[in-house]
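Biologist: Walk me through the labels on this model. I want the cut-off behind each one.

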Amino acid sequence: MAQSSKKLRVEDVMSTELLVCSPEQSLADCACLMRNENVSSIFIKRDGQIIGVWTEGDCAKVDFADPEVFHQPVVNYMTSPVKTVDHLTQLSEVTVLFHSYGFRHLLVTKGDDGEPAGVISLSDVVRSQGLEHYLHFKTIESSYVAEVPITQGNISVASISEIMRQRRSNFVLIDNPDVGQTGIITERDLLTMLSRQKVDKPAWQYASWPLLTVHYTTSLFKAYQILKLKQIRHLIVEGDDGEILGVLALRNILSEIESAYMQELETVLHQRDRALKKSQKNLYLAEQIINASPDGIMITDSRNTIMQVNPAFTQLTGYGEQEVLGQKPSMLSSGRHDKHFYDKMWTELRHKGVWQGEIYNRKRNGEIFLEWLTIICIRESAEEEALYAAIFSDITERKRNEKRIKTLAYFDELTHLPNRRLFNDRLEMALATAHRDKTKIAVMFLDLDHFKQVNDTLGHSAGDALLKQVAKRLQHCMHEGDTLARLGGDEFTLLLTEIDEVKNIHRYATSLIEALREPIKIGNTEIVITTSIGGAIYPDDGEDAETLLKHADIAMYRSKEIGRNSFQLYKPAMNARSLERMAIENKLKQALKNNEFSLYYQPKIDSFTHQIVGAEALLRWHDSELGFISPANFIPLAEELGLIVDIDIWVINAVCKQIQQWQNKGIFDRRISANVSALHFTQGNLAQSVENALNIWQVDGRLLEIEITESSFIRSLEDAKKVLKALKQLGVSLSLDDFGTGYSALSYLARLPIDTLKIDASFVAKVPDEYGNSQIVKAIAAMAHSLELNLVAEGVEQAHQLAFLQELDCHAIQGYFFSKPLSVEQFELFCEAHRPAKIALSVSS
Ligand SMILES: Nc1nc2c(ncn2[C@@H]2O[C@@H]3COP(=O)(O)O[C@H]4[C@@H](O)[C@H](n5cnc6c(=O)[nH]c(N)nc65)O[C@@H]4COP(=O)(O)O[C@H]3[C@H]2O)c(=O)[nH]1
């Protein structure tokens, strides 16, 4: 079907010349009118209403034998009621109507009161479709009527109309053998006869002849052209020998076109149906998607009135559908955006058809939220009004996360101080400014002293809590424009801008050290933490961030070396020291593998008999390049580097091996103690390591003593108790080293299976002259006696110290007064010299 005809309406093809008559008008008058107007129907009107229709086709129903028939009122012959169709109806629908009514004419009406506007016939519709091309492909053969009524020309017209009625034909062929011709009388001829009011001659007199003939193979298109050209409605169809095969009526051609049209129409309707189904499906899908969308959706019309919202809209804004339909979207306005913002949005929307951005809106409960909004202008065609679909999601949480990510990227999560990245950024900026303005800036490096011990003994959460409080205290010392950052662990950095005098930096550092003077309470434990600080100045100690930080770090190590809790400003000489430390670190990592460790033994002497009652194994590290390195220096480093457990295990094994050897050789069979790091309690399996060593070297556990420090119990007394008990079960003796310097709480001394207390050398050094110290040593001795513990004093160098300790009934003495720690060979000689008359295994059971 031609695209252009698709949307044709009745008004486009109808005939506006509506022929009307009164019901009383005679058939002859009506026929006359119809002939004059050359139309095939007349409408009968009464009191301004169309009440019926009389058509050319109705002529055959008239009884021409009745001489009065011409004067009969048309009302008796009309068809009533008249079927109507609105002038705006589409042609496709009209065709359907023609078929369902079985009529060939419809009255066209207009407006609400159905005023007659014209008439439309099936021929009008069919002709308007431009389907003549279709006729090209068909020949008359398929369309003509073979069984046609044919009669002699001498019969009456009344008989002719009778035949038409009976044969339901709109024509009759008339044969006239006298002239050897065939003529035709059609409904239209009957109409003419009615209009002339005369039918007294034989039929032949009214027939049209000669008839135009066409061969049966002629195309329908050609036949149609002939009919149009000659303004006739019938053609005789002849065969190959000129014999009459039948008649081809215009109506036959029209019904051919009509059936083609109907076929086309059916296809179109089918397609339309399919399209409708598809669009219904799409509509359903869209509806489902809108309803299921997690994004809020609001549709407004061109007057900006809300037409539709989805469930997510209600969820996000708190407004129910009924509360918002018919309202303006401004009801969601937060008041945070000015007119300019909305003007810009609308301009862009009109210009591009879409707007996207962040916008604050207000929920029903008054809460303001940030949404990511997309508005799309929907317009089916340029003439149609625009609709707007607003799709939004609440991005308040996302923004919060973004901010958090940003914070994480630039701030330390624990202390909320700037992190290394932000510190470096600020340092770079400060350097650029200082360079331009020729001013000085300072960088400080802070490291908490013995922080690792807090972490290892009290646990990480205590360590974290401590760091937080330290950060707070340090922050209080900050001046405007300064930056305090946490690099990680217990390392902090400080950037001081606008330094006018170097002494100010010292003052600043002192204030930081002072800030930590007061103990920090973590749970029920009070912790005194100190800090070692190093500083470097731009441009004196470095011109770039990396150098300045490196030099501040070196200065900080220097400050640790000189006793911690102090500040050191970088000096070029320090560089060498820091390199030295790095070298030690690297070498220490290799020392175990390279067998660079050995043990020295310091005898423990009976203060009264001066005989050897035991020995302490002390670790020595000899590096081929660095020489002898003191355990006081490398043990803390080994703890830091995580090497201490392996080193301790090596010592325990070496001691057991030595015990076995000396025992076998009959040189020494007293108890030997080995030092064990507090970290061994948390990082290793001490009892298992000892048991293994005893088994390997076949040593009686009673010949081994383990020296531990108080920090071993701080983290968990219960856990420590388990380890100590397990050691006791192996027969191993337990000694508490450095007693008096740590927590020295009586409570745990009573609860733990300790055998010996060792009075720390720092107290012994000051007895008996310093009153306070002497009192402490006396108290320790009294405590040991009351708990029935053995007592050993270490660091005894002087005779008066020995005398003081003898007074306190301290039996075992360790110190230079009797002997320094000795190599194996030296110790064997010492034993030889101090061998009692008979050395028996003096292990207390
Ligand atoms: N001024 C003075 N000092 C004296 C005197 N008598 C002994 N000393 C020294 O005092 C320290 C006693 O060991 P400590 O308190 O356990 O203190 C030890 C101990 O805590 C640790 N250590 C030593 N060997 C080991 C070991 O094998 N394993 C572990 N984990 N730590 C060890 O290193 C610390 C230092 O050991 P050393 O340098 O050998 O230092 C030893 C010893 O040489 C004296 O009369 N005057």
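Modeller: Helices (H or I, at least four residues) and strands (E, at least two) are DSSP runs, numbered from the N terminus. By those names, Pro-210 lies in the loop between α6 (187-196) and β10 (213-215). The peptide bond from Trp-209 to Pro-210 is cis, with omega near -10°. Two notes on the source. Residues are numbered from 1 along each chain as its sequence is written. This is a predicted model: local features need pLDDT of at least 70, side-chain atom pairs count only at pLDDT 80 or more, and totals for chains, interfaces and linings use all residues.

Biologist: Why does His-416 count as partly exposed?

Modeller: His-416 has 14 C-beta neighbours inside 10 Å, so His-416 counts as partly exposed. Its loop runs between α12 (396-410) and α13 (420-437).

Biologist: What makes β32 and β33 a pair?

Modeller: Two strands pair if DSSP finds at least two bridges between them. β32 and β33 (residues 812-813) have two bridges, in the parallel sense. In β33, Ile-813 is the bridge partner of Ala-793.

Biologist: How many bridges join β31 to β32?

Modeller: Four bridges join β31 (residues 756-759) to β32 (residues 790-793), and these strands run parallel. Thr-756 stands opposite Asn-790 in β32.

Methods: A residue is buried if 20 or more other C-beta atoms lie within 10 Å of its own, exposed if 12 or fewer, and partly exposed in between; C-beta atoms are placed from the backbone.
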